[in-house]
Amino acid sequence: MVSAPDPLTLRGQDIVFGFDEFSVFKELLSVVLKNEKLFFIVKIHPLQENKDLFFELKGSIDRVFIDSANVLTNLETIFYSDFVVGFYSNFLLEASMLEKTVFRYFPQNAEKDILSYLDFGQKINNIKTLNEQINFILA
C-alpha cells in the first residue's frame with residue numbers, strides 16, 4: 001500500500017475537512033497492524049511541514065517506509081504498489097492512469113472531495129470499509 005497524503009495542515013484545510021494527514025496516517029497504521037501481509041509506503045509531499053511527526057507516530061512498526069526525502073519517484077512507488085490511498089492529488093490521478101486500485105479516503109467527510117467531478121477510484125469514508133477493501137485485495 002502506498003499513501004501520498006496531501007499536506008492539509010499546511011494549507012489550513014484540516015479545519016475545513018475535519019481531519020488531517022496525521023490523523024489519517026494513524027488510521028492507516030492501524031490497518032497495517034491488523035494485516036501482516038501489508039507493507040506501507042508513505043510518500044510525503046515535498047512541501048510537508050512537520051515530517052518528523054510521521055516518524056513519531058509510526059513508532060516501531062517495521063513494515064512502514066516513510067519516504068520523507070523523496071528517494072522514490074512517484075511512478076516507481078505506484079508501479080510497485082498493489083493500491084494507493086489518498087485524499088485528492090495528482091498522485092492519485094497518476095495511479096489511476098497506471099490502472100492501480102485507488103482508494104480516495106475522506107474519513108467522515110466525503111462531501112469535501114474537491115475532485116468529486118472526476119470519476120476515478122473508490123471513495124471511502126470510514127476506516128472499517130477501507131480495511132475490508134484492503135483485505136479483499138490481499139486475499
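This is a predicted model: local features need pLDDT of at least 70, side-chain atom pairs count only at pLDDT 80 or more; totals for chains, interfaces and linings use all residues.
1. I44 lies in the loop between β2 and α4 (51-58). Helices (H or I, at least four residues) and strands (E, at least two) are DSSP runs, numbered from the N terminus. Leaving out residues up to four places away in sequence, I44 touches K51, F54, I66, D67, S68 and N70, where contact means heavy atoms within 4.5 Å.

2. Residues are numbered from 1 along each chain as its sequence is written, and side-chain values use heavy atoms, with hydrogens and water left out.

3. E49 is found in the loop between β2 and α4. Is E49 buried, exposed or partly exposed? E49 is partly exposed, with a relative accessible area of 46%. Not counting residues up to four places away in sequence, E49 touches L10 and F22. E49 and P7 are 42 residues apart in sequence, and 7.7 Å separates them in space, C-alpha to C-alpha.

4. Next, the sheet. In which order do the strands of the open sheet lie? The 6 strands follow the order β3-β2-β1-β4-β5-β6, with parallel pairing. Two strands pair if DSSP finds at least two bridges between them. At the edges are β3 (64-67) and β6 (122-124), each of which pairs on one side only.

5. Now for some of the individual strand pairings. Strand β1 (residues 2-3) runs parallel to β4 and is joined to it by 2 bridges; V2 has V84 as its bridge partner in β4. Strands β4 and β5 also run parallel, joined by 4 bridges, and F83 has T101 as its bridge partner in β5. Between β5 and β6 the pairing is in the parallel sense over 3 bridges, with Y105 opposite I124 in β6.

6. Strand β4 is covered on both faces: F83 and V85 on one side, and V84 and G86 on the other, are all buried. Helix α7 (residues 127-138) lies across β4, β5 and β6 and runs at about 170 degrees to β5. Axes here are lines fitted to C-alpha atoms, for helices over the stretch in contact, and angles run from 0 to 180 degrees between N-to-C directions.

7. The largest nonpolar core has 41 residues. A nonpolar core is a set of buried Ala, Val, Leu, Ile, Met, Phe, Trp, Tyr and Cys residues joined through side-chain atoms within 4.5 Å. M1, L38, F40, F83, V85, L130 and I134 have the most contacts inside the core. Two or more residues come from each of α3 (21-34), β2 (40-43), β3, β4, α6, β5 and α7, and the largest share, 7 residues, comes from α3. Leaving aside neighbours within four places in sequence, F40 is in contact with residues including M1, F25, L28, V32 and F65.

8. The aromatic rings deserve a look too, with a count of 10 aromatic pairs. Rings of Phe, Tyr and Trp (its six-membered ring) pair if their centres lie within 6.5 Å; planes under 30 degrees apart count as stacked, over 60 as edge-to-face and the rest as tilted. F17 and Y88 are stacked, at 5.9 Å centre to centre with 25 degrees between the planes. F17 lies in helix α2 (residues 13-17) and Y88 in the loop between β4 (83-86) and α6 (90-97), so the pair ties together parts that are 71 residues apart in sequence. Both F17 and Y88 are buried. F83 and F103 are edge-to-face, at 5.7 Å and 70 degrees. Ring pairs also link F17, F19, F87, Y88 and F106 into a cluster.

9. Finally, R104 is in strand β5 and is buried, with a relative accessible area of 2%. R104 lies over the face of F120, at 4.4 Å from the ring centre. A charge sits over a ring if NZ of Lys or CZ of Arg is within 6 Å of the ring centre and within 35 degrees of the ring normal.

Conventions
Buried means under 20% relative accessible area, exposed over 50%, partly exposed in between (1.4 Å probe, protein chains only).
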